[in-house]
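My notes follow the order in which I looked things up.

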Amino acid sequence: MSVKAKYQPVLNLGEQLGVKDGNVTEEGGIIKIKGEANTPYEKDLLWDKIKEIGGENPSDIKANITVADDSVYHRHVVKSGESLSKIAKHYYGDAMKYNQIFAANTNILSNPDVIHPDQVLVIPNI
């Protein structure tokens with residue numbers, strides 16, 4: 001299996017996320033990936049996928065992933081049935097951090113218990 005084939009799920013994820021200026025080369029059994037993710041969260045998703053495939057310190061891949069907007073961790077589009085605590089659990093692993101999301105979105109939210117589908121929430125860097 002070529003190293004490119006091994007890391008194809010990373011390349012597929014990059015396409016799904018709309019990574020810009022993507023460039024992939026393979027030299028001497030090492031794949032080199034370059035691109036710009038939209039947010040730090042998307043960059044983390046890519047690195048998590050790399051580590052899932054290659055381990056904590058893979059030696060057969062070099063990735064240079066930059067971020068277009070690091071002023072926020074991510075921008076989340078609310079789906080039906082979601083709550084701020086569920087969203088906080090997804091991004092931070094801690095449902096109690098919903099207050100940070102609420103505080104970052106007081107321009108569109110007046111009550112942490114009331115959010116609506118299709119609202120775009122800022123997920124702050126914490």
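**Ground rules.** I am working with a predicted model, where local features need pLDDT of at least 70, side-chain atom pairs count only at pLDDT 80 or more, and totals for chains, interfaces and linings use all residues. Residues are numbered from 1 along each chain as its sequence is written, and side-chain values use heavy atoms, with hydrogens and water left out.

**Overview.** I found five helices and five strands. From the N terminus on, I read their order as α-α-β-β-α-β-β-α-α-β. The C-alpha atoms fill a box of roughly 55 × 25 × 25 Å along the principal axes. Of the 126 residues, 33% count as buried (under 20% relative accessible area; exposed is over 50%, partly exposed in between, with a 1.4 Å probe and protein chains only).

**Helix 2 and helix 3.** Which residues of helix 2 meet helix 3? I listed Pro9, Val10, Leu13, Gly14 and Leu17. Their partners in helix 3 are Glu42, Leu45, Leu46, Lys49, Ile50 and Ile53. I sorted the residues of this contact into eight nonpolar, one polar and two charged. Here Ala, Val, Leu, Ile, Met, Phe, Trp, Tyr, Cys and Pro count as nonpolar, Asp, Glu, Lys and Arg as charged, and the others, Gly among them, as polar.

Next I looked up the geometry. The axes of helix 2 (residues 8-17) and helix 3 (residues 40-54) come within 9 Å and cross at roughly 165 degrees. Axes are lines fitted to C-alpha atoms, for helices over the stretch in contact, and angles run from 0 to 180 degrees between N-to-C directions. The two helices are therefore roughly antiparallel (an angle over 145 degrees).

**Cores.** A nonpolar core is a set of buried Ala, Val, Leu, Ile, Met, Phe, Trp, Tyr and Cys residues joined through side-chain atoms within 4.5 Å. The largest one has 14 residues. Leu84, Ile87, Tyr91, Tyr92, Ile101, Leu121 and Ile123 touch the most other members. Helix 4 gives the largest share, five residues. I then noted a second, separate core of 13 residues, which includes Val3, Leu13, Leu46 and Ile61.

**Gln100.** Is Gln100 buried, partly exposed or exposed? I noted partly exposed, with a relative accessible area of 31%. Gln100 sits in helix 5. Its C-alpha atom is 7.1 Å from that of Pro124, 24 residues apart along the chain.

Note on methods:
Helix = DSSP H or I, 4+ residues; strand = E, 2+ residues; numbered from the N terminus. Parallel < 35°, antiparallel > 145°, perpendicular 65-115°, else oblique. Contact = heavy atoms within 4.5 Å.
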